[in-house]
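Subject: Structure handover and findings

Hi,

Here is the structure for your files. Please open it alongside this note.

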Amino acid sequence: MDARRATAAVSAAGIILIAGCGSGGKMGGASLPNGGSQSGLHQNKQPANSSRVGMTFAIPRTTKTWASPVRTAYKVRRSKAFTPTKPHRSMLSGLRKPQFISEGLIGGSISIFIYQGANLALTQGPFTAGTTYGAYDFYCAYNPVAAEVLCTNYTPVFAPYGTDSFYVAMYDSANHLLSITPGMPGTNFVSATQPTYTITSSGYASPISIQTYAVAAYLGIDAPTSCLDPSDPNEASGFLLDGAGYPISGPVANPVTLSTTGNFSFYNLYGQFATPYTIYNAYGGNSAFAFEAPGSGTAGSVSVSSTGGSVGINLTSNTTMSLYTVDRLAVTPSTSGISLIGLVDSSASTYACGKIAMGNYVTGAPITSFSNPVAIGEDDYIPGVGVLDSVSGSPYLSLVDLNREDYGLFLIDQQIGGIVNEVPVAQVAVAGHNPLALAVSPSEDGSGIIYILNADGSIQTVNDYNNFGATATLEPTGTIPGPVDISVNWGEFLNFNGEYNGDYVFATSSNSANLFEISDANSSPNFTTDNLTGVAGLVTPTTYAISSDNIDESGYLSFIAFDSGNGGAISLFTCMLPSCDFAGDTVFSYSAPLGQGRLTFNFTNSSILSLVANANDVSAFEVGPGNPEATPAPFPAFGAPVTQAMTTYDGLWNGFATGGLIQFFYNLSGTVAGSLTGTRATIVSPFYPCDC
């Protein structure tokens, strides 16, 4: 990935310093003299009536983060069981990052234009720059003392005799204009008069300074979609970027004007300012800024413009971006990628976020599709989702980091490129064949392990926390006959027998009478089977959908049993963990479709409910001692069988997949608040550790 550059020139008698004040991007308003084409090492011949000059320049290194000028006080969401004790980590925080340098000039080019009056007297370059001495026109190396990249010319550079004015244009390897000397003839950038220098056969007696300004190409903001979720609540942070995706600093060759609509306010590091607001210098107060909303449910937009050429948003040509502050993200995968809508608690409303751009977390290579996504699960604490994909029967887990602080920065953090318009994704190959379902033990309170059930009867694990990306076989092929569904109860939970820790993993089977359990699955796995024959009058039982959760510091389990020996009765079992006696069951149907994902818990209004897909309806059962008690479900009848049920950690939102559409409901109401096209989804409620 290209990076930015700054430059310097030197005369025959001393150094000509080209002071690089930043970098910029490919511009549509520039009309530059023809500098030739970039073509590796030059063998420059000295023109007549000229002196040889030497050149050197430095590129300071800076740490780039989405720095916010303001921070809204935001209520900490409660966890399902306990207050989090582990430090917040992003999905990629456990990775080792390469320790090599790749700043913007590396792999790009420098062109030097020397004018005498209004006439172009000599063009030098384009000169290449790289880290191998003798292989590039400019050799660049990292100076750890000065914490900067220092570049010096290897190829001779010349200046004509006479009264000269020096101008510089710098490009990345994709020919994006990064910075330029202001006032260069034939351009429409900021105007500035450059000093003149008299060059003779003896050179020039003292150092010459050549000025450059950054060329802004983009407004970069920490929003991969239009929805601003609580991982950075009620605001979008940002800065100006060059054409290679690097934040710029110093005077801007093409001043950029920012505008907002709706109730979004503009802040820089000095305070709040009205818009339209024009940035002439991306330094000090304007080195970072934010677009702030008064709270969740705010709708507005931000736009960008420049008289010095086109400027886009987040490495796209779009000059306007809608912004919505939301509380949750509903996420659905498909063969064409991932789509999202934002959910707003206060108004029980939704906003269309759009599709999210994804990239490989190491290379930045775009990820635009899935082969056959069969399941998705969420981790509110990263926040992120895991998409289980069947690629010709081979399981792959795509770990998608939705934390807005990680958006776009993963290549620049690894020092291999600039900011990109992508969220980082790690794609992990998993053992086994024909994946069916997954269960997530979250990165706080839980273990950060994702459990995957395959049709070959194996259970595989992927670590998404303290040993990122590590895979293991929890149970080998054939362990679960006729596998259907999997669930995990994680973290600490209590019951009348005491306190329990660790992951309890459960799996169901369509051709055996057993319910399968692995206690302490994340540390010291203990595999057991519970034969349900004869339990609560079951004759020939098999098991299907299953769900478990931590509710009010207690562990609950719920599953569906089909009894072919009792006329095809379908029963709901519920119990408290870890010592379920399975005494409580309720026959609720003889015709409901069976399968994974059709069962979830809900516990708003102090009631604990099991919500069960029952043909085209959703049935509700109150969980308590004894048999689950049927209670009226508020949801409407759907036009097709319900194939998935989901609930947020606090029970405020439910979602149901039916007929190729996922519909979302707020607080057990019967009114559809919004929908997504798809067959499976999850709801992420991003945890934000408030520092207010």
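Below are the findings, from the whole chain down to single residues.

**Ground rules**

This is a predicted model, where local features need pLDDT of at least 70, side-chain atom pairs count only at pLDDT 80 or more, and totals for chains, interfaces and linings use all residues. Residues are numbered from 1 along each chain as its sequence is written, and side-chain values use heavy atoms, with hydrogens and water left out.

**Whole chain**

The chain has 692 residues, and 60% of them are buried. Buried means under 20% relative accessible area, exposed means over 50%, and partly exposed is in between (1.4 Å probe, protein chains only). The secondary structure comes to one helix and 55 strands. Both are DSSP runs numbered from the N terminus: helices are H or I with at least four residues, strands are E with at least two.

The chain exposes about 24600 Å², and carbon and sulfur atoms supply 49% of that area. Areas come from the Shrake-Rupley method with a 1.4 Å probe; for residues, only the protein chains shown count as cover. Of the contacts with a separation of 6 or more, 63% are between residues 24 or more positions apart. Contact means heavy atoms within 4.5 Å.

**Nonpolar cores**

In soluble globular proteins, nonpolar side chains tend to be buried together. A nonpolar core here is a set of buried Ala, Val, Leu, Ile, Met, Phe, Trp, Tyr and Cys residues joined through side-chain atoms within 4.5 Å. The largest one has 26 residues. Those with the most contacts inside it are Leu-219, Ile-221, Leu-240, Leu-258, Phe-289, Phe-291 and Leu-323. Several strands each supply at least two residues of this core, among them strand 13 (218-221), strand 16 (250-262) and strand 20 (289-292). A second, separate core of 23 residues includes Val-344, Tyr-351, Val-425 and Val-684.

Take Leu-240 as an example. Not counting residues up to four places away in sequence, Leu-240 touches Ala-216, Tyr-218, Leu-219, Tyr-246, Pro-247, Ile-248, Val-252, Val-256, Ile-279 and Phe-289.

Strand 16 also holds Gly-250. Gly-250 is buried, at 9% relative accessible area.

**Salt bridges**

How many salt bridges does the structure hold? There are three. The criterion is a side-chain nitrogen of Lys or Arg within 4 Å of a carboxyl oxygen of Asp or Glu.

One joins Arg-404 and Asp-222, at 3.2 Å from N to O. Arg-404 is in the loop between strand 31 and helix 1, and Asp-222 is in the loop between strand 13 and strand 14 (227-228), so the pair ties together parts 182 residues apart in sequence. Both residues are buried.

The loop between strand 31 (394-401) and helix 1 (410-413) also contains Asp-406. Asp-406 is buried, at 18% relative accessible area. Asp-406 and Glu-422 are 9.5 Å apart, C-alpha to C-alpha.

Arg-328 bridges to Asp-345, with the closest N and O atoms 2.9 Å apart. Arg-328 is in strand 24 (residues 328-334), while Asp-345 is in the loop between strand 25 (337-344) and strand 26 (349-355). Arg-328 also bridges to Asp-650, at 2.8 Å from N to O. Asp-650 is in the loop between strand 51 (642-647) and strand 52 (653-658), so this pair ties together parts 322 residues apart in sequence. Shared partners join Arg-328, Asp-345 and Asp-650 into one network.

Buried or exposed? Arg-328 is buried at 3% relative accessible area. Asp-345 is buried at 17%, and Asp-650 is buried at 13%.

**Thr-332**

Thr-332 also lies in strand 24. Thr-332 counts as buried, at 3% relative accessibility. A polar atom of its side chain is 2.7 Å from the backbone oxygen of Arg-680. Leaving aside neighbours within four places in sequence, the contacts of Thr-332 include Gly-337, Ile-662, Leu-676 and Ala-681.

**Surface**

Leu-269, Tyr-270 and Phe-273 make a nonpolar surface patch of about 340 Å². Patches use residues with over 30% relative accessible area and no salt bridge; like charges are joined within 9 Å, nonpolar side chains (Val, Leu, Ile, Met, Phe, Trp, Tyr) within 5 Å. Phe-273 is in strand 18 (residues 271-273). At 33% relative accessibility, Phe-273 counts as partly exposed.

Best wishes

Methods. A polar contact is a pair of N or O atoms within 3.5 Å; within protein, one must be able to donate a hydrogen and the other to accept it, and residues adjacent in sequence count only if both atoms are side-chain atoms.
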